[in-house]
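Let's walk through this model together, starting with its sheets and working towards the packing between them. Keep the structure open beside you and turn it as you read.

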Amino acid sequence: MTAHLVTGIGELVTFDPQHPGPLGVAEDAALVVVDGHVAWTGPRAAAPAADTHQDLDGAAVLPGFVDSHTHLVFAGDRSAEFEARSAGLRYTGGGIATTVAATRAASTDRLTARARALAAEARRQGTTTIEVKSGYGLDVPTEERLLRVARTITPETTFLGAHVVPDGVDRSDYLALVTGPMLAACAPLARWADVFCEPGSPVAFDEDESRTVLAAAAAAGLGLRVHGNQLGPGPGARLAVELGAASVDHATHLSDGDVAGLADAAAHGGPVVTLLPGVELSTRSPFPDARRLLDAGIEVALATDCNPGTCYSTSMPLMVALAVSLMGMTTGEAVRAATLAGARALRRDDVGHLRVGARADLCVLDAPSHRHLAYRPGVPLARTLELPGRGHVEHPSPAPSPPR
């Protein structure tokens, strides 16, 4: 075993109760990594000896960001759609068909190259764990192909055949396809299943359809996630609670009853609410009220939703800055949401923190404190610290199986 010592950490955010405050912050700190895992954290003056060493000259260190909601595997470009929205066109989800056509036509090599480039872009900004969905195939062979590509990037792969109903396909026929042959082909390649539950959208799925998709996915051994309450009020949050989903994502339009139900479920490990502020920025939509959720005792995560239509960004630092400036979060709450809460949205206990035993996924800031993520928005402060012997891609094998 080789021990690697990192010193010169001006502020170390660990989420370890042995260090002060809700973030578990150690100042003038050091950290020891053994076999890719955190073996010790504490004051630099007390650091043990190690085989190798590097000094960060006063930089802040956080757990690597956990981006628990992305759509990285796609082809094509929707910048014209973005420009149209900027001129006042309302987003309804209909532009997904454009990406589906381009993705079906693209080669696997092309899809892989773009997805891996986006994952590398995220890593350069401090993201070390990432979830990747399918959903731009909407037929059996392409959905299976997208998940095979996603598995080259991350163990956190999500089957999203129930993204939208394809043009010209009968709704009931497509629902049967998603819950039958498509699920059978894709379940071995996925850890999770998701559904775009938006009854107000002509292309998404209503409550009964969404329940059917999620029940079939659970029966196939997949953990559950829900796209819900994005475009308007709806049943997504209620379904997530009812079916024990790990997260409900978007959650912009929540009723008092939704918040109460999520708060009750939170006491029993219920769904994390994953907010995606880059979407509201891109679509010029109302931002969700994170303060309301946090004050109710609900775990809130942040993620990018990186996709070609509504948020073509891999930047978790941007999501932190938006959450602080526009969603009522403190910087500490936003950092937790982008790390520890994101890990909880994936039901991972090995990432999102820097307690002893965690994966040594380190995000270094070119700044003395985590506060600079919101204090200096848009400045490229964050990067992943590459450690000796650590690869750039998290291999599929380490992720635990989802709850059955």
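Start with the open sheet of 8 strands, which runs in the order β5-β6-β7-β8-β9-β10-β11-β12 with parallel pairing. The strands here are DSSP runs of E of at least two residues, the helices are runs of H or I of at least four residues, and both are numbered from the N terminus; two strands pair if DSSP finds at least two bridges between them. At the edges stand β5 (65–67) and β12 (300–302), and each has a single partner strand, so one side of each is left without a neighbour in the sheet. On average, neighbouring strands of this sheet are turned by 25° against each other, direction ignored, with axes fitted as lines to C-alpha atoms and angles running from 0 to 180 degrees between N-to-C directions.

A word on what you're looking at: this is a predicted model, with local features needing pLDDT of at least 70 and side-chain atom pairs counting only at pLDDT 80 or more, while totals for chains, interfaces and linings use all residues. Residues are numbered from 1 along each chain as its sequence is written, and side-chain values use heavy atoms, with hydrogens and water left out.

Back in the sheet, have a look at β8 (residues 192–197), where 6 of the 6 residues are buried, that is, under 20% relative accessible area, against over 50% for exposed and partly exposed in between (1.4 Å probe, protein chains only). Trp192, Asp194 and Phe196 point one way from β8, while Ala193, Val195 and Cys197 point the other way, and all are buried. Strand β7 (residues 156–162) is joined to β8 by 3 bridges and runs parallel to it, with Thr158 opposite Trp192. Further along, β10 (residues 247–250) and β11 (residues 272–275) pair in the parallel sense, also over 3 bridges; there, Asp249 has Thr274 in β11 as its bridge partner.

Now for the other sheet. It's open as well, with 6 strands in the order β3-β2-β1-β4-β13-β14 and mixed pairing. Here the edges are β3 and β14 (382–384), each with a single partner strand, so one side of each is left without a neighbour in the sheet. The twist averages 40° from one strand to the next.

Of its 10 residues, 7 are buried, so β2 is largely enclosed by the rest of the structure. On one hand, 8 bridges join β2 to β1 (residues 3–13) in an antiparallel arrangement, and Val13 has Val25 in β2 as its bridge partner. On the other, β2 is joined to β3 (residues 37–43) by 6 bridges, again antiparallel, with Val34 opposite His37. The hairpin of β2 and β3 has 2 residues between the strands, and Asp35 takes a positive phi near 50° there. Elsewhere in this sheet, β4 (residues 52–63) and β13 (residues 362–365) pair in the antiparallel sense over 4 bridges, and Pro63 stands opposite Leu362.

How is the chain divided into domains? Domain 1 covers 3–64 + 353–384 and domain 2 covers 65–346, with bounds that come from an automatic or database domain assignment. Their centres, taken over C-alpha atoms, are separated by 30 Å. Where they meet, 16 residues of domain 1 are in contact with 19 residues of domain 2, contact meaning heavy atoms within 4.5 Å.

On to the packing. The largest nonpolar core has 93 residues, and Phe159, Leu275 and Leu302 have the most contacts inside it; such a core is a set of buried Ala, Val, Leu, Ile, Met, Phe, Trp, Tyr and Cys residues joined through side-chain atoms within 4.5 Å. Helix α5 (residues 171–186) gives the largest share of this core, 6 residues. Both domain 1 and domain 2 give residues to the core, so it lies between them. Leaving aside neighbours within four places in sequence, Phe159 is in contact with residues including Val178, Met182, Leu183, Trp192 and Asp194. A second, separate core of 18 residues includes Val6, Leu354, Ala360 and Leu385.

Finish at Ser282, in helix α9 (residues 277–283). At 12% relative accessibility, Ser282 counts as buried. Its side chain reaches the backbone oxygen of Thr310 at 3.1 Å.

Conventions
Polar contact = N/O pair within 3.5 Å; in protein donor to acceptor, adjacent residues only side chain to side chain.
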